[in-house]
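Hello,

Here is the structure I said I would pass on. My notes follow below it.

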Amino acid sequence: MDTSSVDTRVGTSSSETLVDKVEDERLVPSTDFGFLPVPKRLRYDPNKPFHFGLLLNASFGFASTFTVANLYYCQPLLIEFSKSFDITYDEVALIATLIQAGYATGLMLISPLGDLVRRRQLVLLLVFASTTLTIGLAITPNLRAFEAICFLIGVVNVTPQILMPLAADLATPERRASALSMVLSGLLFGVLIARVLAGVIGNFNTWRIVYYMAIGVQCFVLVGAYFILPDYPAKNHDLTYFKIMFSMAKYAVTEPLVIQTAFINVASSACYTAFWVTLTFLLGGAPYHYSTLDIGLFGLVGILGVLVGPFIGRLIDRLIPWYATLVATFLLLAFQAVQAAAGGINVSAVVIVCFGLDLSRQMQQVSLATRVLSISTAARARLNAILILSSFIGQVVGSSIGTEVFVRHGWRACALLMLSLYGFQLAMLLLRGPHCPRTHWFGWAGGFEARKSVLKAREKDGVFSEVNQTDSSLQAEKKTEGSLDQTTASRDAPNDA
């Protein structure tokens with residue numbers, strides 16, 4: 001079957017979608033896993049597209065919150081683990097490392113499956129596996145078993161990375177950034193709330209209660225996914241798993257926009273991680289000397305920035321995503337400059353930076369993801385996997401280099417290093433203009449217009465035909481689904497070969 005026949009967004013109402021022409025019955029299954037019935041209202045119908053409303057979008061964010069949280073419950077509990085298993089701090093640190101190593105493995109090997117199998121089945125399977133494994137964490141008295149389960153927990157907790165491309169498929173182009181921002185807000189909220197919940201519960205009760213709580217929450221997510229998550233046909237029936245993996249590698253080294261975004265993402269993630277990792281050292285030492293509880297409360301400031309994220313998505317929906325990235329990068333520069341100037345002098349500067357970095361980082365991530373996921377509807381899971389892997393690499397780099405520089409040279413040297421990395425991100429962004437053709441490595445063709453509505457009006461009037469001919473990111477987003485699928489399938493054929 002031709003890839004383009006199933007490469008479409010559910011949110012569109014276009015009668016020209018190629019999915020409407022598909023006769024293959026396997027695209028409209030009535031069961032999950034061959035035995036579990038799909039609720040009738042959630043079954044795929046090409047003639048009646050699903051409405052991707054606020055409730056469904058919020059449920060994606062909720063699921064992201066309490067699945068990604070499994071990766072971070074352990075971090076405030078490491079001391080409790082060392083007491084419970086009677087091991088040293090050096091040994092207990094391996095637990096957090098194993099979870100992150102498992103997560104990297106899952107990003108690489110599982111998240112690209114979103115381009116190959118039905119996402120509803122994949123999400124249900126991953127949440128079920130995660131819930132089952134969490135039971136093992138809660139009851140096992142054996143350290144080696146606990147470590148092995150931690151690695152497997154990391155592998156299967158990539159549900160948010162399945163939901164992100166699915167949200168991009170379900171949402172209309174006019175709401176795509178808003179949809180992505182809500183899922184991303186849920187993910188970031190999960191990272192922050194997991195540490196707070198685990199720290200508070202672990203402080204007043206046994207650490208195993210944290211995992212019992214996680215079991216209950218994940219059961220709720222599993223049941224909710226069964227009754228809320230719409231079914232959607234698998235993509236790329238003509239490809240195998242190994243071809244999917246090979247094409248993902250080709251996108252990572254041959255697609256100019258993907259490479260540009262990956263470099264920006266690595267640097268931005270390194271800066272963001274370095275700030276939060278070294279914040280504990282900064283606030284715990286002179287002149288602040290704050291307690292662990294006081295330092296933990298700064299995470300709540302970051303949560304405020306995350307909660308504003310969905311409103312930022314609405315702004316990005318009105319702009320060419322490149323301009324949203326530009327604004328976000330300038331804001332990151334400005335807030336990091338505040339940190340470099342006064343972070344170790346006045347606590348109010350730290351509070352401002354905590355809020356500003358979370359807000360600006362989220363705006364940057366959503367705008368970058370909106371651009372990259374518009375490249376190909378058939379390869380969104382692979383493209384998203386590249387983005388998340390680049391963020392993961394940045395986290396590893398930022399935590400190690402940031403800590404090293406802070407310990408050796410102090411808070412200001414660390415802040416200035418991160419400031420220079422934000423400057424690098426700005427330079428990388430300016431290499432390609434807002435309407436640079438997809439296949440060009442450098443350039444500013446297509447003008448400087450920032451508003452989507454203006455460009456859409458020009459295209460209707462035939463004034464902006466030059467941009468259409470260059471196949472800019474706006475064109476890829478605004479084309480009707482049928483014509484977009486044809487363009488994408490023909491251009492991406494070498495990648496999917």
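A crossing of two helices is called left-handed if the near helix is turned anticlockwise from the far one by less than a right angle, and right-handed if clockwise. Helices here are DSSP runs of H or I with at least four residues, strands are E runs of at least two, and both are numbered from the N terminus. By that rule, helix 3 passes helix 5 in a right-handed crossing.

This is a predicted model, in which local features need pLDDT of at least 70, side-chain atom pairs count only at pLDDT 80 or more, and totals for chains, interfaces and linings use all residues. Residues are numbered from 1 along each chain as its sequence is written, and side-chain values use heavy atoms, without hydrogens and water.

The protein chain has 20 helices and two strands. Of its 497 residues, 59% count as buried (under 20% relative accessible area, 1.4 Å probe, protein chains only).

Helix 3 (residues 89-109) packs on helix 5 (residues 143-156) at about 30°, with the axes 6 Å apart. Axes are lines fitted to C-alpha atoms over the stretch in contact, and angles run from 0 to 180 degrees between N-to-C directions. Angles under 35 degrees count as roughly parallel, so helix 3 and helix 5 are roughly parallel to each other.

Helix 1 (residues 54-68) and helix 7 (residues 176-204) also pack at about 30°, with their axes 7 Å apart. Helix 1 and helix 7 are therefore roughly parallel, and their crossing is right-handed.

Regards

Conventions. Buried means under 20% relative accessible area, exposed over 50%, partly exposed in between (1.4 Å probe, protein chains only). Angles under 35 degrees count as roughly parallel, over 145 as roughly antiparallel, 65 to 115 as roughly perpendicular and the rest as oblique.
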